[in-house]
Amino acid sequence: MLNMLLSQVLDLMTPVLLAAMAGALCERAGVFNIALEGKMLVGAFVAVATSVAFGSPVLAVLSAVLCTAVFASPLALGGARLGGDPIVIGIGLNLLAAGLTTYLLGAIFGVTGTLVDPAVTALPKFVIAGLADVPVVGAILGHNALVYLSWLLIFVFNIYLFRTPWGLRLRGIGEVPSAAAAMGANVSRYQTAIVILAGGLCGLAGAQLALGSVALFAENMTAGRGWIAVVAVMLGRAHPLGIALACLGFGLADAVGLRLQGQGLPNQITDIAPYAITLLAMIGLGLRGMKKRSV
Amino acid sequence: MIAAALDTKSRLAAILFSIVAAVLLGGLVVGLTGANPISVYLEIAKGAVLGRGLDETLARSVPLVGMALAAAIALRAGLVNLGGDGQMLIGGLAAALVALYVPVPGVARAVLALAAAICAGGLYAWLAAILQLSLGIPFLIASLLFSYIARGLTSYLVRYPLRDPATGMPETYRVASGARLPAHIFDLPVSMAMIVMAVVAIVIVVNDRSGVNGFEWRMTGLNARFAQYSGVNLSRQTQRVAFLSGALAGLVGALLILGQQYRFTDGALLAPGYTWSGLMAAVLAMASPIATIVASVFFAALQVGGFSMERALGLPAVLTWVLQALIILCLAARPILFRKR
Amino acid sequence: EDNSFVLVTPSRIGVNKFLGLGKTGIEKAAADQGAKAKIFEGTDPSTRRQHVQAAIDMKASIVAVMGFEFGDIIADLAPEYPDTNFVIVDTCIPDAPKNVYCAVFREQEAAYLAGAEAALTSASKTVGVIGALDIPFLHRYTDSFGLGAKAARPDINVLPTSWIGGDNPFQDPVRAQTQATLQLSNGADRIYAVAAGSNGGVFKAVADKPGAMAIGLDVNQCGDAPGAILDSTLKKVDVVLPATIDGILKGSAKPVVSFGLAEGGLELVATTEAVASSGCKIAESPDVIGQLKDIQAKIVSGAITVPDPMAQ
Amino acid sequence: MTLLQMKGITKRFDGVVANDGISLSVNSGEIHALMGENGAGKSTLMNILYGLLKPDAGEILVDGKAMDFTNPLGAIAAGIGMVHQTFRQFPDLTVWENLVFQNEPRRGPLVSADAARDFVRRLGSRHGLEIDPDSRVRDLAVGIRQRLEILKALSREARILILDEPTAVLTPQERDGLFTAMRELASKGMALILVTHKIPEVIAITDQITVMRDGRVSGTLVTKETSEAEIIKAMVGRNVPPTIAAKVTSDAEPMLSVKELSVRRAGVTIVDAVSFDVRPGEIVGIAGVSGNGQPQLISAVMGLESATGAVSIGDQDISRFPIARRRAAGISYVPEDRHLTGTAPAASIAENIVFGTHRHAAASSKGFLRKDAIRAQARKLIERFRVKAASEQLPIGSLSGGNMQKVVIAREVEHGSPLIIVEEPTRGVDVGAIEFIHQTLIAERDKGRAILVVSSDLTELLALSDRILVMFEGRINARLTGSDMNEETVGRWMMGGAETR
Ligand SMILES: Nc1ncnc2c1ncn2[C@@H]1O[C@H](COP(=O)(O)OP(=O)(O)OP(=O)(O)O)[C@@H](O)[C@H]1O
Ligand SMILES: Nc1ncnc2c1ncn2[C@@H]1O[C@H](COP(=O)(O)OP(=O)(O)OP(=O)(O)O)[C@@H](O)[C@H]1O
Ligand SMILES: [Mg+2]
Ligand SMILES: [Mg+2]
């Protein structure tokens with residue numbers, strides 16, 4: 001039972017975690033990214049569309065990463081290079097993603113709503129027979145490569161940010177771009193690269209959403225997960241471990257919410273759980289910060 | 001911000017440029033998928049103004065202008081209100097409740113319902129402002145989170161305690177005709193909701209252009225610390241602006257319930273996406289109220305024309321969403337072409 | 001001027017099989033009557049009204065609408081246009097004018113049968129149902145499924161209904177799969193999927209679990225996950241709609257017709273001729289099919305009455 | 001030996017010619033002053049030299065080799081370092097992270113923190129500029145932050161060092177320390193360019209002077225052979241007599257009295273039971289090394305910072321008032337930073353002038369702005385204060401620093417409040433404007449207003465003030481009048497007074 005819960009939490013949090021990491025990278029580079037929802041949706045669409053055409057999950061994931069990176073380029077060019085307002089561009093991209101995926105679904109595949117095709121297969125899961133019922137281990141096993149990649153990325157991200165020269169530069173650029181420029185960092189090129197990289201991460205998030213387990217694309221299937229990622233970036237203060245924790249919290253709130261339905265709680269109320277818990281967590285952090293300040 | 005650096009003329013030029021560029025890009029998308037862009041645009045244009053199109057464009061403009069102005073007045077003062085959905089829901093539900101259950105004669109009930117919606121939406125946004133002011137939770141995030149909570153709450157309420165069991169939907173009873181807002185005044189194609197919104201819009205425009213309060217909000221948006229040093233009480237002003245932005249969103253909810261839908265149906269207020277369209281119009285207009293109104297009427301026409309185009313040609317109306325998004329993106333990308341170093 | 005039949009849907013048809021059936025139905029009717037079929041997909045209250053108005057304005061001889069969302073709209077518009085014939089599928093309006101015809105379904109009967117089928121085939125003695133959104137209408141499926149299961153096998157364990165909810169309940173296969181997995185882990189091995197576009201997630205979950213099977217909704221969904229789908233309840237809008245329209249044009253239509261198992265408006269694939277070639281796993285259990293046919297006969301004859309959850 | 005040569009540098013910004021054929025040459029071992037009025041083009045020229053801007057024409061030679069920088073990296077590689085007036089630092093990062101930024105010692109793909117710390121210590125001791133590598137920059141005092149800024153330039157093996165108004169925020173003692181370090185660096189063969197508005201400093205430390213006016217070189221002088229008057233003439237094209245205000249004493253009832261005012265933040269006492277009065281008809285100056293609580297004191301007086309103690313205007317206690325009511329009670333306030341808190345740079349000059357008094361009858365009636373009256377008033381002030389602006393409708397951010405400052409001063413003086421509080425009245429402002437601002441303040445004093453001036457420029461305080469209060473570690477540790485108001489005494493009290501004697 002607990003294994004089940006843990007395993008579901010891990011499944012539920014992965015796309016959000018990947019997108020939140022993208023958001024955190026951008027945040028660190030000083031580009032506020034609210035286009036996560038839209039980019040994830042594009043990633044999901046491309047992953048499934050590629051699967052339909054070529055049948056290869058690996059190719060699907062790669063092209064999702066690539067296309068979403070391209071899709072992020074307006075934010076990279078406009079937001080980072082040209083001093084456009086990232087919020088404006090983000091809102092535009094979200095809308096463009098929703099409209100374009102729906103439109104292309106009809107225009108290319110002649111279907112509306114959902115794209116299912118026998119050629120689309122879910123990413124393979126690592127199941128080791130016999131271990132599935134071992135507590136915790138069983139829950140940690142049995143996911144696909146992207147889930148493990150997302151954990152790995154948290155550590156890579158952490159080391160990158162706090163231990164490598166490039167991470168140091170990123171932190172500097174995000175904090176005081178003019179100072180970084182004066183120190184010889186090419187701020188806009190750096191920001192552009194990061195935003196595009198983050199686009200790729202969102203592509204992964206979308207691929208995980210579409211191919212992680214269901215193997216299909218449904219219109220608007222991100223269903224607000226990108227916004228949760230935006231909130232997770234805030235909650236985790238753009239720190240890799242912080243956002244991992246925030247996403248874990250979300251996954252947990254969601255999975256527990258689903259279970260509480262079984263206990264007779266109306267689903268309208270359990271749906272609120274992740275948001276309410278986030279709000280409470282932020283209020284808690286805020287109160288603590290206030291106490292610290294007033295000491 | 002770009003907004004401040006541009007004078008009115010170059011702002012207009014920028015918007016026009018974005019629209020033209022977006023129309024060309026959108027045409028390219030249509031063309032690539034094998035349809036004829038010219039007939040698509042022709043149908044959109046016809047559908048937006050000919051026959052019933054004009055009425056419908058005007059009707060859709062009411063909530064859109066409302067939500068766009070709600071976003072714009074907040075932006076003007078430096079707040080990003082992503083919680084319009086929630087404020088609209090809370091306001092709409094308050095209006096429905098008053099209109100259904102408060103035992104006063106019809107017209108008074110409608111007025112009371114509007115007032116209740118304004119207060120409810122306003123207070124809901126105010127709550128998010130309080131979180132920003134006291135705990136440093138950004139208004140943008142707090143309002144967004146509140147929006148989700150409002151969705152769940154209203155959804156629960158109309159599903160269970162407030163439900164009209166005669167229909168298959170989670171929705172309240174229908175508001176009695178006495179408490180509704182007339183759809184036509186003196187047999188003109190003008191509804192009460194339009195008049196209310198027009199009055200609100202005029203007040204906002206005048207306040208922004210020559211009102212003392214509007215001036216303070218604008219200066220705060222341009223430099224909050226300067227405003228504070230010059231004697232503006234930032235905390236009080238943030239609360240006030242958040243309240244008004246939420247109140248306007250709440251009013252929109254009420255106008256939709258009392259003027260169009262006549263009952264609160266779960267999901268019905270949010271389905272058309274007025275909040276996001278409105279936010280985009282405000283952004284496109286760089287928060288200038290007049291330009292915001294023009295932009296949102298334009299978006300309303302685009303959407304209405306889109307549905308008409310869909311009926312005529314069978315191409316999905318989401319194309320108009322793509323167009324709207326492209327307009328915004330072209331506006332943001334404008335410096336690529338007009339760049340000086 | 002050309003003679004057209006217009007169908008207005010409450011939302012985009014997308015993967016909503018029920019709306020898809022409406023589309024098939026109106027197209028068939030148009031082909032039968034030599035008219036042109038047009039489909040307008042609504043998205044929200046104002047576009048629905050706009051579409052109905054546009055259909056009236058283009059002088060369509062039949063304006064068909066699907067779903068509860070149109071109750072208020074037809075009640076407002078029908079009296080104004082006595083020359084236009086309106087068909088409402090799924091609901092009716094109080095004091096309907098003469099030009100309004102309603103085709104309503106007793107979904108509870110098919111769901112009851114599906115419950116019985118699930119209970120009779122379950123090895124784990126546990127069954128479940130997943131709904132998209134907790135709206136009264138869907139309780140016709142979810143509640144009656146449990147009723148049918150209990151009636152067919154008193155010792156059966158019916159899990160509490162799971163709702164998908166969230167931002168996009170009718171098209172969130174990911175959450176649907178999570179819900180289904182949870183029900184499977186709670187012991188269910190038969191799940192009735194009442195979640196429109198999210199059904200794919202339920203099917204994926206049962207396909208991944210040996211021995212588990214799902215029951216599909218509105219059309220024969222047995223091909224969606226071969227081997228993992230036990231059966232589907234059918235809602236024959238594609239038959240009812242052309243028949244109603246034919247009746248209207250001939251002047252023989254009644255203002256309100258209710259369709260259930262007796263009228264053939266609802267069916268279980270299992271009890272049809274086509275079961276052998278349907279791809280449904282139930283085809284391999286002729287004895288259960290026999291039991292289901294008995295229950296169906298009792299419902300048709302009135303020996304069993306399945307209560308309407310919405311009337312309560 | 002000529003180390004650096006700039007020839008015919010020209011740079012235009014939408015119509016403004018910021019640099020017009022500028023030539024400049026600096027020898028190794030030389031300290032070279034770059035002077036000029038606000039907007040003369042100094043920063044532009046130095047930004048070009050440092051690769052932050054691209055010139056429209058002209059060339060840069062280092063060691064006789066032509067350079068073509070597209071970004072600061074090129075300039076850094078050529079041995080050019082820059083100490084910006086506003087520090088280009090990352091407050092959230094540590095000293096060593098700031099120092100090795102873009103130039104990190106590595107161990108494999110990672111930054112070697114140990115090597116970096118070691119590097120900071122060695123560099124510091126080599127140049128006598130020690131600093132703790134692990135401190136977070138936001139916690140450092142301004143003097144130390146400037147030391148970090150110089151170390152940053154030195155760490156890149158700079159041979160040409162540009163310093164943009166480096167003394168603006170230093171105490172005389174800190175300034176002397178800086179000058180010693182500069183001479184030391186010059187003696188090792190470096191070339192230093194000092195951008196400044198302060199003539200005494202130029203005379204004290206430099207070898208050559210280049211003066212700019214309106215984007216052109218208006219004079220190249222050898223320090224030993226020139227005089228203050230000659231420099232000023234080259235800068236402004238006329239003679240400007242230095243302001244020396246006659247000192248007065250006032251025995252009127254206090255206009256502002258501050259009693260036992262304390263500010264605590266996160267457990268640290270920043271302002272510690274400060275009491276003082278300002279009377280009508282006098283200018284009281286507050287001196288102090290930055291970081292000793294002066295801005296917090298003023299914030300507390302203005303109600304921008306929560307504090308204990310009492311503040312009154314005349315006999316009205318305003319301790320509980322928010323800033324708006326304090327202003328209404330009779331305070332005009334010119335904040336320290338004109339960009340951050342003194343103006344809304346994107347709003348028009350007229351809007352910036354009226355803001356704050358826009359609710360008065362002259363500017364609005366019944367809640368509506370009287371736009372014509374507001375613009376007329378703005379035009380009047382622009383003319384009276386000789387602000388160089390084409391129109392009152394232009395964004396105030398388009399003005400040069402000196403002109404912007406004049407607008408802010410004009411606005412506050414025009415309120416007619418009995419008390420004027422001015423922070424840094426002339427920071428970064430050229431001699432012509434300094435002179436004008438000083439004359440304005442003195443004229444207001446002579447009209448009987450009470451004026452409180454906070455400045456980190458000691459020369460300015462000495463010229464303006466009738467009395468000087470020195471702040472040290474949150475307390476007022478000296479109240480100086482008459483002959484005690486000299487650079488040495490004030491400077492000593494600024495460093496802590498008695499202990500350092
Ligand atoms: N990026 C820019 N865009 C437009 N105009 C500019 C820009 N940078 C400088 N200018 C203009 O060029 C001229 C020279 O400015 P610069 O900053 O070089 O003067 P400065 O001598 O450093 O003045 P100060 O004494 O105030 O520091 C001014 O008129 C200024 O307004
Ligand atoms: N009119 C202007 N428009 C845009 N940018 C400007 C303008 N004037 C100056 N700048 C920019 O602002 C920068 C000023 O930064 P810097 O730290 O050198 O201060 P400064 O020129 O010495 O000004 P001040 O002495 O008034 O503080 C210049 O590098 C220039 O690029
Ligand atoms: Mg300068
Ligand atoms: Mg300067």
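**Figure 1. The disulfide of C:Cys92 and C:Cys102 in the predicted model**. The torsion about the S-S bond of C:Cys92 and C:Cys102 is about 65°, so this disulfide is right-handed. A disulfide is assigned here to a pair of cysteine sulfur atoms within 2.5 Å, and the sulfur atoms of C:Cys92 and C:Cys102 are 2.0 Å apart. A disulfide is a covalent bond between the sulfur atoms of two cysteines. C:Cys92 lies in the loop between strand E4 (85-89) and strand E5 (100-105) of chain C, while C:Cys102 lies in strand E5 of chain C, 10 residues apart. Helices (H or I, at least four residues) and strands (E, at least two) are DSSP runs, numbered from the N terminus. C:Cys92 is partly exposed, at 28% relative accessible area, whereas C:Cys102 is buried, at 1%. Buried means under 20% relative accessible area, exposed means over 50%, and partly exposed means in between (1.4 Å probe, protein chains only).

The model is predicted: local features need pLDDT of at least 70 and side-chain atom pairs count only at pLDDT 80 or more, whereas totals for chains, interfaces and linings use all residues. Residues are numbered from 1 along each chain as its sequence is written, chains are lettered from A and ligands numbered from 1 in the order in which they are written, and side-chain values use heavy atoms, with hydrogens and water left out.

**Figure 2. The disulfide of C:Cys222 and C:Cys280**. The two sulfur atoms are 1.9 Å apart, and the link of C:Cys222 and C:Cys280 is right-handed, with 90° about the S-S bond. C:Cys222 lies in the loop between strand E10 (213-218) and strand E11 (229-235) of chain C, and C:Cys280 in the loop between strand E13 (266-268) and helix H9 (286-301), so the pair ties together parts that are 58 residues apart in sequence. C:Cys222 is buried, with a relative accessible area of 1%, and C:Cys280 is buried as well, at 4%. Counted along the chain, the bonded cysteines of chain C follow the pattern 1-2, 3-4.

**Figure 3. Cysteines of chain A without a disulfide partner**. A:Cys67 is in no disulfide, and the nearest cysteine sulfur, that of A:Cys202, is 14 Å away. A:Cys67 is partly exposed, at 34% relative accessibility. The sulfur of A:Cys247 is 12 Å from the closest cysteine sulfur, in A:Cys202, which is too far for a bond. A:Cys247 is buried, with a relative accessible area of 1%. Over all chains, the count comes to 2 disulfides.

**Figure 4. A nonpolar surface patch on chain A**. A:Phe54, A:Val58, A:Leu59 and A:Leu62 make a patch of about 430 Å². Helix H3 (residues 57-71) of chain A gives the most to this patch, with 3 residues. A:Leu62 lies in helix H3 and counts as exposed, at 52% relative accessibility. Accessible areas come from the Shrake-Rupley method with a 1.4 Å probe; for residues, only the protein chains shown count as cover.

**Figure 5. The fold of chain C**. Chain C holds 9 helices and 13 strands. Its C-alpha trace spans about 60 × 40 × 35 Å along the principal axes. Of the 312 residues of chain C, 63% count as buried.

Key:
Patches are made of residues with over 30% relative accessible area and no salt bridge: like charges are joined within 9 Å, nonpolar side chains (Val, Leu, Ile, Met, Phe, Trp, Tyr) within 5 Å. A salt bridge is a side-chain nitrogen of Lys or Arg within 4 Å of a carboxyl oxygen of Asp or Glu.
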